[in-house]
Amino acid sequence: MPKNHHRDVTGGWLRPAVFGVTDGLVSNFSLIAGMAGGDAGHKTIVLTGLAGLVAGACSMAAGEFISVASQTEVTQAEIELERLELARRPAAEMKELAEFLTERGLDADLALEAARQIHRDPDQALIVHVQEELGVDPTDLPSPVVAAVSSFGSFAIGAVLPLLPYLLGLNQLWVAMLLAFGGLFACGAIVSRVSSRTWWFSGLRQLLFGMAAAVVTFGLGALIGGHLG
């Protein structure tokens with residue numbers, strides 16, 4: 001059996017990628033649908049779609065960077081606190097680790113011996129204590145830059161899809177709708193590859209949420225656009 005035979009259940013790469021593409025599809029198509037519902041011209045729809053793409057991608061990137069950076073800084077501060085505790089109170093920390101191991105099913109004597117052996121290497125002891133107490137791997141903390149870049153790119157990919165027909169000179173909402181809804185269904189189907197859901201259920205779930213947002217914004221555009229003159 002291969003070493004890494006399990007699926008990625010942490011969502012480290014999957015969450016921002018799927019969230020970015022889906023958010024780009026839903027938000028920009030909804031924006032385009034709202035403008036089309038208000039009988040906006042082709043140029044206005046293109047400019048609105050491009051503005052929505054850039055603004056949304058920048059917002060996603062900034063949000064992911066700040067979120068991941070803040071979480072990483074908090075985690076690093078806790079790791080340093082644990083490092084100090086290991087240096088100041090090694091015996092107490094070793095006993096604490098033995099208690100963790102006992103709770104996981106080891107006999108008390110075996111747990112104490114295992115904790116003693118782990119504490120022979122300060123770096124390994126820190127890793128184990130952080131994993132047990134914080135639930136994170138100190139050697140594999142997420143990168144704010146990677147999160148920001150991936151969020152920017154994935155949002156832009158999703159947002160440009162419903163805008164493509166207008167960029168190519170078409171002024172047909174139904175073409176943009178087919179691309180957006182097809183993209184949403186595809187995103188959901190891709191997610192099913194790393195989840196327990198069937199591809200059609202996951203795809204339909206994404207599609208229904210996107211359709212609901214588009215219907216609301218199209219209706220608002222039609223309602224408000226008719227009173228703006």
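Predicted model: local features only at pLDDT ≥ 70, side-chain atom pairs only at ≥ 80, totals over all residues.
Biologist: Let's start with H3. Which residues does helix H3 cover, and how many is that?

Modeller: Helix H3 runs over residues 90–103, so to speak its whole stretch, and has 14 residues. From its first C-alpha to its last it reaches 20 Å, close to the 20 Å expected at 1.5 Å a residue.

Biologist: Which residues of H3 are buried?

Modeller: The buried ones are Glu93, Met94, Leu97, Ala98, Phe100 and Leu101. They cover an arc of only 155° around the axis, which puts them on the same side of H3.

Biologist: And what includes itself in the cover over those buried residues of H3?

Modeller: The cover includes three helices: H2 (42–88), H4 (108–118) and H5 (122–134).

Biologist: What about the other face of H3, turned away from the buried side? Which exposed residues does that face carry?

Modeller: Ala91, Lys95 and Glu103 are the exposed residues there.

Biologist: Switching to charges. How many salt bridges does a search of the whole structure find?

Modeller: Five salt bridges turn up in that search. As background, side chains of opposite charge can pair when their charged atoms come close.

Biologist: Give me one. Which residue does Glu80 meet in a salt bridge?

Modeller: Glu80 meets Arg83, at 3.3 Å from N to O. The two are three residues apart in helix H2, so about one helical turn separates them.

Biologist: Is Glu80 buried, exposed or partly exposed? Which is it?

Modeller: Glu80 is partly exposed, at 42% relative accessibility. Arg83 is partly exposed too, with a relative accessible area of 38%.

Biologist: OK, and what is there in helix H4 along those lines? Which residue does Arg116 form a salt bridge with?

Modeller: Its partner is Glu113, and the closest N and O atoms are 2.8 Å apart. Both Arg116 and Glu113 lie in helix H4, three residues apart, about one turn of the helix. Arg116 is partly exposed at 36% relative accessibility, and Glu113 is partly exposed with a relative accessible area of 30%.

Biologist: New topic: the surface. Which residues form a nonpolar patch there?

Modeller: Leu50, Leu164, Leu167 and Leu179 form one, with about 280 Å² of accessible area together. Leu50 lies in helix H2 and is partly exposed, with a relative accessible area of 36%.

Biologist: Last one, Ala33. Where is the place of Ala33, and is Ala33 buried or exposed?

Modeller: Ala33 sits in helix H1, residues 14–37. Ala33 is buried, with a relative accessible area of 1%.

Biologist: What is Ala33 in contact with, leaving aside neighbours within four places in sequence?

Modeller: Leu173, Ala214, Thr217 and Phe218.

Biologist: And what separation is there between the C-alpha atoms of Ala33 and Thr139?

Modeller: Those C-alpha atoms are separated by 45 Å, and Ala33 and Thr139 are 106 residues apart along the chain.

Terms used:
Residues numbered from 1 in each chain as written. Heavy atoms only, no water. Helix = DSSP H or I, 4+ residues; strand = E, 2+ residues; numbered from the N terminus. Expected span 1.5 Å × (residues − 1). Buried < 20%, exposed > 50% of the residue type's maximum accessible area, 1.4 Å probe, protein only. Arc of directions from axis to C-beta. Contact = heavy atoms within 4.5 Å. Salt bridge = Lys/Arg side-chain N within 4 Å of Asp/Glu carboxyl O. Patch = residues over 30% accessible without salt bridge, like charges linked within 9 Å, V, L, I, M, F, W, Y side chains within 5 Å. Areas by Shrake-Rupley, 256 points an atom, 1.4 Å probe, with all protein chains shown as cover.
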